[in-house]
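Okay, thanks for coming, everyone. Let me put the structure up, and then I'll walk you through the ligands and the interface.

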Amino acid sequence: MDFTLKIWRQEDANAQGSMKEYKVTDISAETSFLEMLDVLNQNLIEKGEDVISFDNDCREGVCGTCSLYINGEAHGPKKLVTTCQLYMRSFKDGQTIYVEPFRANSFPVVKDLVVDRSAFERIQQAGGYVSFNAGGAPDANAIPIAKEDAADAFDAAECIGCGACVATCKNSSAMLFVSAKVSQFAYLPQGRVEATERVLNMVNQMDNEGFGNCTNTGACEVECPKGISLENIARLNREFLKANVVPK
Amino acid sequence: MNKFLTSSIGRKIVMSLTGFFLIIFLIVHLSINLSLFWGPNAFNEASEFMATNGVIQVMQYILAAGFILHIIQGISLELKNRSARSIKYVVNKPSENSTFASRNMIYTGILVLLFLILHLWDFFVQLKFVGIGNLTDYELVTNRFSSPLFTAIYVIAFVLLGIHLSHGFQSAFQSTGANYNKYKKCLKYTGIAFSILIAVGFSAIALYFSFIN
Ligand code: HEM
Ligand code: SF4
């Protein structure tokens, strides 16, 4: 398959970027999107040009490192997959593909398609954990947890922190991410202990990082590669309301 | 509490509570208006009640405050949200993941606001301050809707309000955290039915009085 690529190139954080056109030819349908970019970069190296920087790590859809806004959608046109799990068979032969970095002022561009998502790390540090003394291994069933709660907590914990929700949201809101990180603990007795501080601190950090406000368009849920549900945002709102109005 | 009201979620909760309040106002308003169909006496009586009843008089001020809070908060949130992304995408496909109504709340809201100003001028200001001579309230309404342009503006405004509510209704439940998965579908369809009721209900009155003239 042959493709025309229009890719965002930007020297560094302070440089003015622009879209540049590239061609790739003889790409097999089974090539992943990132492998296709590898082929393009190999061509650029052979020509002595600067390679295109993009984030990637595990390439099996679990690490949350890859990003990219492909043809107007975070992680490309296919639902429930990350860019590394997107294959060129999802495109038409000869198609023009636009590749842009995730856009949000809270995710500044580092170079080309690489953005700095450390704002998410700082939100996590503000409360996305449980504190306990590890000690010896506790009995696995010492604290009974309902099957449904365990399942819901696990669904929320599937969030890989990729930032597609922010990139997609017209308001650059980080609510889906934060709601997943709050929910994964909100369901579990171990998480309830610090629930109040957690939600207050994480929301506070989210606001300080300059993300926009959620207007419930639901775009994040559709584009999230892990299918994190909007119900988590409703829960985050509830937890936040409770933390503010119920006296401790 | 201070922090709550300036936080992103706190501000959304203000948006949603004022939204709920305005929804209740719309239900009351539509109920009163429907009395127009019961003829001049019924409507003049209902209108007289609204103009003199003590509770309604107090509610007027609360209503105005609710509107102002909703409008100021809505505009300020929109400005903040826009400033969160300075460089726009070259290619973006929002219609792949969200509804028209949800993306255009600010536009439907501002158009409803413009209509609101016109509407207050047409009836509220005339009744309260200018005076309508020896016309009854019923005659004032029926006279106004004799103009097709006037009727058209009103109907368009009601449709815009319906679009605003088709997202706003369910959104308000989500903002307050009341949108459990269990109720999600129900709230969505109730919201759409309610939006249609509001748009069709108010429009029907305008059109009816436009045509009987
Ligand atoms: C009778 C009139 C109105 C009703 C019943 C109404 C109702 C609602 C409701 C229920 C919401 C959803 C709140 C939420 O998401 O939590 C909403 C959102 C909104 N309204 Fe209104 N509204 C009215 C008039 C207006 C006006 C005049 C404006 C003018 C600017 C406006 C601007 C907005 C905006 C910008 C939002 C979205 C805010 C956000 O999601 O952050 N509305 N409205
Ligand atoms: S909620 Fe979904 S889109 Fe957002 S960071 Fe987590 S996995 Fe990525």
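First, the residue classes: Ala, Val, Leu, Ile, Met, Phe, Trp, Tyr, Cys and Pro count as nonpolar, Asp, Glu, Lys and Arg as charged, and the others, Gly among them, as polar. With that in hand, the shell around ligand 2 comes out as 11 nonpolar, 2 polar and no charged residues.

Before I go on, some housekeeping. This is a predicted model, where local features need pLDDT of at least 70, side-chain atom pairs count only at pLDDT 80 or more, and totals for chains, interfaces and linings use all residues. Residues are numbered from 1 along each chain as its sequence is written, chains are lettered from A and ligands numbered from 1 in the order in which they are written, and side-chain values use heavy atoms, with hydrogens and water left out.

Back to ligand 2. It has 13 residues around it (a residue counts if one of its heavy atoms lies within 4 Å). The closest are Cys159(A), Cys162(A), Gly163(A), Cys165(A) and Cys224(A). In chain A, α4 and α5 (175-186) each give that shell at least two residues; helices here are DSSP runs of H or I, at least four residues, and strands are runs of E, at least two, numbered from the N terminus.

Now, where does ligand 1 lie? Between chains A and B. Its surroundings number 26 residues, and among the closest are His70(B) and His164(B). By class, that shell has 14 nonpolar, 11 polar and 1 charged residues. Look at the oxygens of ligand 1: one is 2.4 Å from a side-chain N or O atom of Ser171(B). For Lys12(B), the distance from a ligand oxygen to a side-chain N or O is 2.6 Å, and for Ser175(B) it's 2.7 Å.

On to the interface itself. Chain A puts 49 residues into the contact and chain B puts in 38 (heavy atoms within 4.5 Å). Together they bury about 3700 Å², 49% of it on carbon and sulfur atoms; that's the accessible area, with a 1.4 Å probe, that two parts lose on being put together, summed over both.

How many salt bridges are there between chain A and chain B? The count is 2, taking a side-chain nitrogen of Lys or Arg within 4 Å of a carboxyl oxygen of Asp or Glu. One of them pairs Lys184(B) with Glu221(A), at 3.8 Å, N to O.

Notes
A polar contact is a pair of N or O atoms within 3.5 Å; within protein, one must be able to donate a hydrogen and the other to accept it, and residues adjacent in sequence count only if both atoms are side-chain atoms.
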